[in-house]
Amino acid sequence: LAAPGLHAWVLIQKYLDHLPLYRIEKISERHGVPIARSTLAQWVGELGVRLQPLVDRLALLLKQGNALHADETPVQQLDPGRGKTKRAYMWAYRSNDLENAPRIVVFDYQTSRSGTHARAFLEDWRGHLMVDDYGGYKESFRQGVTELACLAHCRRKFFDLHAAGGHPVADEALRRMGELYAIEAQARDRDVAARLTLRQQESLPKLTALHDWLIAQQVPNGWATEKAIDYSLRRWTALVHYLNDGQVPIDNNWIENRIRPIALGRKNWLFAGSLRAGKRTAAIMRLIQSARLNGHDPFVYLRDVLSRLPTQPYSEISEHLPHRWQNNCA
């Protein structure tokens, strides 16, 4: 008969610290409170069901934003029929801080990297989507979603060249892109209108000059330098969209920072045991990572929410979403 604090501790161990259940079992035993792995698994499943209404509302609220970040990363899923694992994907979507939307990150576990999963998640949403150059999003753009390209991805191509040998073209590209980021640093704390004005006055001329400079470079076909230049030029229309809207971000770093814990988790738990387990991981991580985005201690948040949910009227459940939750436990 576990109290909410113990339930919250198990979820944090598994989904924030990325410990598999057999290690949580050993830790609890070491603390003198042995908990069978089967009991831990049962708790995790029941808690996932209990938290699902909050999880679903996060996805609905996220899609009220005008601009979103999206990314995806592979995970392994157990394939019992073949006695090995197969590749699945954790898709991630994040709100855009520049439009002062609720801070939300939503994970969506799927069995493949097919763009149909992104379209199924976004449904009839038709805002601005910040992504890398993965082709799975292209159909969404053909259906009316506005594509935003990530300047950080363009910069990374030149940074890799610089790290490999200090290529002069890479050095100059990094310098020019650094100027654009310096302008964004000035614009970050301004209101939307002031940010747009600054971008139009200062970023537009620098981006135009960068475009002309990239076109003017004479490098052999097939070289890494040519590929870095071509990547930026192919993405140019989507890259400069941020100049026309003070609420649109310049890059996709906000979602990449949220998806990094998945890479850490892969090294610990190695694979998801099933499709259901993968989806439960995505659901609970929505709450934990959204709580962190809003400056909350995820353990304190989950402990409080789990203690209140059994008696909370369904009509008031939104009060427990991470961006609205108030810490009354201090």
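In strand β3, Asp108 is the bridge partner of Trp91, and Val106 is that of Tyr93. This is a predicted model, in which local features need pLDDT of at least 70, side-chain atom pairs count only at pLDDT 80 or more, and totals for chains, interfaces and linings use all residues. Residues are numbered from 1 along each chain as its sequence is written, and side-chain values use heavy atoms, with hydrogens and water left out.

Helices (H or I, at least four residues) and strands (E, at least two) are DSSP runs numbered from the N terminus; two strands pair if DSSP finds at least two bridges between them. Strand β3 (residues 105–110) runs antiparallel to β2, joined by 6 bridges. On β2 (residues 84–95), strand β1 (residues 67–79) also pairs in the antiparallel sense, over 12 bridges. There, Gln77 stands opposite Lys86 in β2.

The open sheet has 5 strands in the order β3-β2-β1-β4-β5, with mixed pairing. Because β3 and β5 (146–149) are at the edges with a single partner strand each, one side of each has no neighbour in the sheet. From one strand to the next, the twist averages 30°. Helix α12 (residues 275–293) packs on the sheet and touches β1, β2 and β3, its direction making about 170° with that of β3. Contact means heavy atoms within 4.5 Å; axes are lines fitted to C-alpha atoms, for helices over the stretch in contact, and angles between N-to-C directions run from 0 to 180 degrees.

Another helix is α6 (residues 151–165), with 15 residues. Just after α6, Gly166 takes a positive phi of about 65°.

Note on methods
The expected span of a helix is 1.5 Å times one less than its number of residues.
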